[in-house]
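This report describes strand pairing and nonpolar packing in the structure shown below.

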Amino acid sequence: MAEKREFQSEAKQVLELMINSVYSNPDIFVRELISNASDAIDKLRIESLSKPELAGYAKNGRIDVTIDKESGTLTFSDNGIGMNKEELVSFLGTIAKSGTNEFIRAMQEAKSGSAGNLIGQFGVGFYSAFIAADNVTVDTMKAGEDKAWKWESTGDGTFTIDDGSRASNGSTITLHIKKDEKKDEEEGELKDYLSEWTIRGIIREYSDFVSYPIYLTEKGREKKEDEKEEPVNSMKALWTRPQKDIKDEEFNEFYRHISHDWEDPMERIYYRAEGTCEFTALLFIPSRQPMDLFYQDGRHGVQLYIRRVFIMNDCKELIPQYLRFVKGVVDSEDLSLNVSREMLQQDRMASQIKSSLVRKILDTLAKMKKEKGEEFAKFWQTFGIVLKEGIISDLRHRDELIKLCVFESSEGKKTSVEDYIVNMPAGQDKIYYLTGSSLKNLQNSPKLEAFKKKGVNVLLLSDPVDEIWVNHARKYDKYDFVSAAAENLSLPEGEKKEEKNNVEIEKSGLVKKIKDALGALVEDVKISDRLVDSPVCFVQKGEEISPQMRNFFKSMGQ
Ligand code: ADP
Ligand code: MG
């Protein structure tokens, strides 16, 4: 008996969007289903390393795509890990990812044309099947178990679970292809997904690098005498091919394949290390922020391969947190095939790879900054805020990272710290900065008056992370970072104090009056030289934690 279940409400919303939106590229459902099949085979292989009883299943991974014109269906079948009943209900009936609500909002806001760009970034890939199908079934058996289950839905808010008919581990996803295609729109047109020629083209275009063979057959079509079973995809690891033979478009397609991004990357890094630690890295800097950049469980973008065998996604062990926006592939010649995350953390070879990747990425950024100013400006706007985390965590490259930073300044221009130093007036030996939560407030701060008058530029730091790194770094080269809000500033040019004026204010008893009026709200009231036009301003005392910093720690739950 089939059990009827409801989709979780977020899943329902995603489904509705999927069904009703016009996609700039409806073909992506093929990519999504193949990538799930490939993930499922990967998972089985990885699991079999620790569960020897699964070893027998984890051989000869393959993906079969079958067209059945008579019944109007397109089927994706894999011999991967499969799902048991509970998994089927939870993986395909709910969306567990933290970004879902944001995804739904972004989808609703997006113009129909760009909605397709968002799919995949959020792990709602499976539901893309409903772009082309009005009924989807999943027949699946979990490796190591002996009962098959079938999931079925028309995308209407409910799905059913029933006994399945698969006889071996893996999943078979059957799409009943929609009939009434929107033929009028130029973009977002559904193709004939029951045409072998069409599907072959889509697989070649989007899934050529999938490392398991994808076979395409048309049911009922007679095979020619000498026709051999040949995979549609080349499976050829792009990074092993001579780089000069690879077209930009191939690199970009590969990037889109591994990143689930729909745009081209901003920059590409290819690196082959030889000698004691041999590896190849093909890395990309995306041209826009992924949605999960600031989520705690957000993905890192680097995949680890060992001698051309895929080992893991999301390899945090090879790339520091502050470079988590970099996507790509690292293929090591030396690591052992059954390496685990825990082992990677201890592995000397892995840490060597990590430090050369950092070296390479920072060099690339420095070069971009020097030679491609406009592109770097875009990079900085997109990922600068993440890169700055490295000033806190990566002591070894601290000065280098500060050097890459682009700051707003009280002179109204963006500046690097090097330019700042070059342009300092004689006598200035410190780097002044002011932190706050909005650039506009900083620009208008009375604390800047004395600086402006003396021609001393002040870096205006308005990202939450600024306060923290600047407190960690304290110095760049031989120059101290000094807050323009600090209590005892000695600005350059010897400072002529207007003693007389101060004495008069002192005599008038004004200071005491203000102090009495403010009571416990302030610690002290003092006459200051820092102001030019404004009557008063608040400053921090000595080393105390600033208001921005206090808020930050509060938001981190400390
Ligand atoms: P993602 O692939 O980003 O996790 P999807 O929506 O594409 O998101 O798939 C949701 C989940 O459903 C997957 O994480 C996986 O656990 C399960 N799944 C989908 N397709 C398959 C398959 N062919 N074999 C096994 N599990 C699958
Ligand atoms: Mg997927």
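This is a predicted model: local features need pLDDT of at least 70, side-chain atom pairs count only at pLDDT 80 or more; totals for chains, interfaces and linings use all residues.

Strand S11 (residues 301-306) is joined to strand S12 (residues 309-312) by three bridges, and the two run antiparallel. Strands here are DSSP runs of type E of at least two residues, helices are runs of H or I of at least four, and both are numbered from the N terminus; two strands pair if DSSP finds at least two bridges between them. The hairpin of S11 and S12 has two residues between the strands, and Arg 307 takes a positive phi near 45 degrees there. S11 also pairs with strand S13, as the table shows.

Residues are numbered from 1 along each chain as its sequence is written, with chains lettered from A and ligands numbered from 1 in the order in which they are written. The protein chain averages a pLDDT of 86, and 88% of the residues score at least 70.

Val 330 is among the residues that touch the most other members of the largest nonpolar core, which has 65 residues. Such a core is a set of buried Ala, Val, Leu, Ile, Met, Phe, Trp, Tyr and Cys residues joined through C-beta atoms within 7 Å; buried means that 20 or more other C-beta atoms lie within 10 Å of the residue's own, with C-beta atoms placed from the backbone. Helix H10 (residues 348-371) supplies the largest share of this core, seven residues. Beyond four places in sequence, the contacts of Val 330 include Val 302, Leu 304 and Ile 353, a contact being C-beta atoms within 7 Å.

Conventions. A residue is buried if 20 or more other C-beta atoms lie within 10 Å of its own, exposed if 12 or fewer, and partly exposed in between; C-beta atoms are placed from the backbone. Two residues are in contact if their C-beta atoms, placed from the backbone, lie within 7 Å. pLDDT is the predictor's confidence in each residue, from 0 to 100.
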